[in-house]
Amino acid sequence: MPASGKTPRTRVAVDVGGTFIDFVMLDEASGELVIEKQPSTSAKLVEEFLAGLGRLPVDIGEIERIFHGTTVAINTILQERGVAVGLITTDGFRDVLALARGGRPEIYNLFYEPVRSLVPREMRAEVRERVAGDGTVVEPLDEAGVLAAADLLVRRGAEAIAIGFLHSYANQAHEQRAAELVRAAHPGIAVTASSELITEWREYERTSTTVLNTYVQPGFQRYIGDLVRNLRAHGYDRPVALMQSNGGVIAEHAAARKPIRTLESGPAGGVIGAAALAARLGHPDVICADVGGTSYDVALIEGGQILERSETAVAGRPILGPTIDIVSIGAGGGSIAWIDHRGVLQVGPRSAGAHPGPAAFGLGGAEPTVTDAHLLLGRLDPQRFLGSRMQLSLDAAAAAMRSRIAEPLGLSVEEAAAGTLAIAETSMTYAIRAVTVERGLDPRDFVMYSYGGGGGLFAAAVAGHCEVGKVVIPRAPANFSAWGILSSDYREDAVLTRVMALEESRRAEIVTILTSLAGQAADQVAQYGFTGDSLITTYQLDVRYAGQDATIPVPVEPGWLDSGAGLLSRVREGFVHAHRQLYGHGAMDADLELVHCRARLVGPVTAPDWPLWTNEVTAQPREIRKVYFGQGPVDTAIYERDALAVGQSVPGPAVVEEWTTTTVVPPGWLLEVDELGNMIITRSEEQP
Amino acid sequence: MNGPDKIDVVTAEIVRNGMTSAALEMARTLRLTAYNPLLFESQDFGLGIVSPGGEMWGEAPGVAAFIGCLGDTIRTGVAELGLEAFHEDDVLIVNDPYLSGTHISDTTIYRPIFHAGRLVAFSSATAHWADIGGKEPGGWCRDSTSIYQEGVCFNHLKLVSRGERNTELFKLIAANVRFPGLVMGDLEAKLASTRQGVLRVQALCAKYGADVAAASMAFVIERTDAAVRRKIAEIPDGSYGAAMSLDSDGVVENDPVRLAVTLRVDGDRMTASFDGTSPSRTGPINLNPIVAASSVRIALKALTMPTDPTNAGHFRALDFDITPGTALTAQRPAPCDSYGYSVVTVVELCVQALAKAVPDWCPAGGSQLTGIVLSRSDPRDGTPFIFSDPVDCGTGGRPHGDGAVLNVMGNGDVPTTPVEIVETRYPVRIERFEYAPHVAGAGRYRGGAGVRRDYRILEEGLNLNVMVENTVDVMGRGAHGGRPGKPARVVVHPGTDREIVVTRHNSAHRLRAGDAFTATTSGGGGLGDPFERDPTDVLRDVRGELLSAEDAETTYGVRVRRDAEAWFVDEESTTALRAADAR
């Protein structure tokens, strides 16, 4: 223990959101958990970061490790504030980025417009070179052409250069040589070659990913540099761990090269937190629901594993790379209720945000929102919103709900509010169906973890619609994403597209590829100080029936790579089982094809111990209030969460309030407090 | 909440979302399990939930022309077999174009959905099969003269009866198609997809009751219809017509096929007729009345409520006043395999007709289908395969912006297959894929560009079929002073002494290793006078090498000049040029 005797094992997570920066500090020695909030102003993020950090009861220099979820990359893309990117492509293919895939997702829309390319045409230059799908070189790289293209783009104002050649996943030599040449010729320019980020096929999606990375990289690097410099000045000399979309963290220098990996930083934190808590509570199958002000984000943990996908999109622009599979819909506390052209009630996706916010905020919002509906039904206390930091206006909420919804539809204000919540709950229910039923999974087999500012308000109702019988509301649910980042491991993924028949004659080749991918990933993780025995390696093959296009990921255990371990028959079994589960059919003996090989290296960070809830005194309701639950107002007990005792049971109808959120226990549900202070809500009888 | 009429507003919305979500799950299952790239990459399918009366309850994005036929397909099935013929766990198959719409390659698989022993709806999926056993590999016969040449015909047959597979029928199919691996794989995918639809609707019924579900959809359809009628009422009353000629019917040369549409608006209803259309033709560009109606529905939806999830209410305000026996109302056994050109034309004609009444709702002329089909069906030449590459093309200039480069309207959400996947799957290399800017029609808002795709053949024994139409009467007509776009152009053996410029959609070629061809798709028409185009938009096109400095001056009256790397508008000369033109 250091001589100072202060907080030797203190971890801090800093999660930057749209309105607030959330801080969670955990003193592992005492189990003390401190939460803090600081407004997030994009112009002076580093300043706000340090200000919030400074308010925590610890010297910055004595924090053991800082974990950071950042929105810098995603905001740069959403607000289109990145640098001028030049793109170098294979001759004949400079328009791939702009042509995209040419579909018309709104099939009847005469005016449909595909997403605009971030790189204008004059900033896309071509170079003679060609590699075939099997990696053979059809035409050598024109090195003089590379230099000429780079010169041209820089003259035209490129601040960063992306390189995307056809089939570079199969042979990276041309791209890497071109990147080398450009870096040598233009040392001040950031350069990303597509194969440095991803070795997967589909040229548009790969180029899009590369361009986005290049677009955000200089700004991101500046931010991280600034942050680290300031932290060093305050005596913090350990790495800053940045949250990635894949649920692991990477060190700041790696994130500065590949900021595209941090896009889903915030939502990923909540899922990681849920996974850690679920492991502690012994829940293998969990639906993670993050209810924010504008969106409802759902992810899934099955058999202890977080489900992922290999591609995502931001503002219509695709990004390849392993990401926690988060389905996001526009439904949250700020979502606006409105009447559509058919005279039907709708909720969202438009949101009132924090300004003007719900009508009840009294900041000029004239449209009724989900939060207004909760207030009108008595579920929120107008005097105690955000720990009494804000007063809500019941009259303003009622006026908005009456004029915009109730009167046009001929409903009472309460009926309109109940309808608003019912519609929002349905949207949330469909988001949950999208991650469960569409994968052949039954939501009834899952426990729901509900967090975010609105997690407790919707938890039981949505669980009821999905027939989920048990809900967990963790401690400090509004800060849960930050809390989750505290328990993230270091994580590196390596992927290679290599289409081949899955048959015995290719076994050695497959093993070689997987081993070499693991080696690449291990080299990365080694830079963070993890080596040898401390690393955990997992493998996966993406397999399909020969002739199909879509693949199914099949996990491969490291032991299967040994000769004689039956790698191929085990993979076949895994694939056919999954295909049958997903689609209801699957032949055991049909030809299989391998498409992607994946390896993941995890450098485990010692997970924090969960602090225990020590309150032994059973709480009494603070008051009894009228709350609407479908059938009109009923007397409902209102509790303070901090006052609840370990093991205390609270039967519905009840409402539990805390600083940043409110939890509703409908009639027919029972709330219990576990030893960690989580609120476990279960259905105690059949729902009406 | 109390009173059934009050519950309806919310419950109806929940049920409507449930139907759409069921269709989306069907689409996802089909895409993920299909074997034919036309399904998983190009999404050449249409599917949804349909009431026993043939009313569309929910659909997923796919090919719009298919979706408009799903209701009629169920209607002809129920008419032919009677409702009592359907049992739990039945699966039916139909592809007779005169019963199900489009052409014989588009095979519909559908299942009755039972809840508590009662038939409540059908789950139906139409998809293009890799082959259907007609005279042309992969279907889409260029020159058939009767439906009997176009493939094996199914007329509402039970593929599965009360859960029992009709194995004889499966064997018959496998024996009659050229790519049985693909076709039978896709058939399994459609069985899985329609099964998903059944399960989802059953779950909805279990929760809300079949009666409430049906009543909710009736309510939604009624409300939708009312909204569509309000929109139609905004169109000034009158008759609006447009006509266009296809180059040929695929068989008879030098005899263009005239297609004509008249839309009569009377208050809040609209009546479509095809008077002035050529009589039913010898070659296979005919439409039957089911798909002709579907084509008009696409246009109506596009013009009134394009982004709303589709249900039967979107089409209820539309009546038809048609005479049988024209190229748009053909009767059995008239051939109809390359029907797609006529569908695209009818959609386009509806838009061009209504542009006369509501110009702000309508873009300038768009594009006809262009595509290539490469195949090898004889195993003695090498591994059989079929590769259809529908190619994107320009859309018309819009009332407030330029046209885009997309798949043609009416063809739905049909994304282009990535070059890296094409080259991995098929013996072909794509040597160039880029904008073809010169085909775009000039205008205040110019048409979308076409694209150019260059192909080189890497193996022996390949057949090339070319889809190219409207090379004479160009679809991309200009509007309000805008110029027309240029038609598509496919050149086989370009730059050699064997060069062939393809001008007919019935063109077929035998190719060998090393041969090349290039496809350039059509551009959209311009909207508004090019001399009124914002000079900064002209500058952007010059900068992006989409427009030459000379064309900027002659076509748009904008003089641009270059200073080192920087292009700029010469304001003074531009003002002078434009003033001179005005005089």
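Visitor: Before we look at strands, what has to be found before two strands pair?

Guide: Two strands pair if DSSP finds at least two bridges between them. In this predicted model, strand S18 (residues 462-467) of chain B pairs with S21(B) in the antiparallel sense over 4 bridges, and B:Ala508 in S21(B) is the bridge partner of B:Asn465.

Visitor: In what order do the 4 strands of that open sheet stand?

Guide: In general, strands of a sheet pair through backbone hydrogen bonds, and the pairing is either parallel or antiparallel. Here the order in chain B is S13-S12-S18-S21, with antiparallel pairing. Strand S13 (385-390) and strand S21 (508-511) of chain B stand at the edges with a single partner strand each, so one side of each is left without a neighbour in the sheet. From one strand to the next, the twist averages 20 degrees.

Visitor: How should I read the meeting of the two chains, and which elements of chain A touch chain B?

Guide: The size of an interface is often given as the accessible area lost when the parts come together. Counted by contacts instead, 57 residues of chain A meet 67 residues of chain B. Helix H3 (96-99), helix H7 (203-233) and helix H12 (413-435) of chain A each give two or more residues to the side that touches chain B, and the largest share, 8 residues, comes from H12(A). By class, that side of chain A has 26 nonpolar, 14 polar and 17 charged residues.

Visitor: What scores does the model carry?

Guide: The model scores ipTM 0.91 and pTM 0.87. Chain B averages a pLDDT of 92, with 96% of its residues scoring at least 70, whereas over residues 1-7 of chain B the pLDDT stays under 50.

Conventions:
Residues are numbered from 1 along each chain as its sequence is written. Chains are lettered from A and ligands numbered from 1 in the order in which they are written. This is a predicted model: local features need pLDDT of at least 70, side-chain atom pairs count only at pLDDT 80 or more; totals for chains, interfaces and linings use all residues. Two residues are in contact if their C-beta atoms, placed from the backbone, lie within 7 Å. Ala, Val, Leu, Ile, Met, Phe, Trp, Tyr, Cys and Pro count as nonpolar, Asp, Glu, Lys and Arg as charged, and the others, Gly among them, as polar. pLDDT is the predictor's confidence in each residue, from 0 to 100. Axes are lines fitted to C-alpha atoms, for helices over the stretch in contact, and angles run from 0 to 180 degrees between N-to-C directions.
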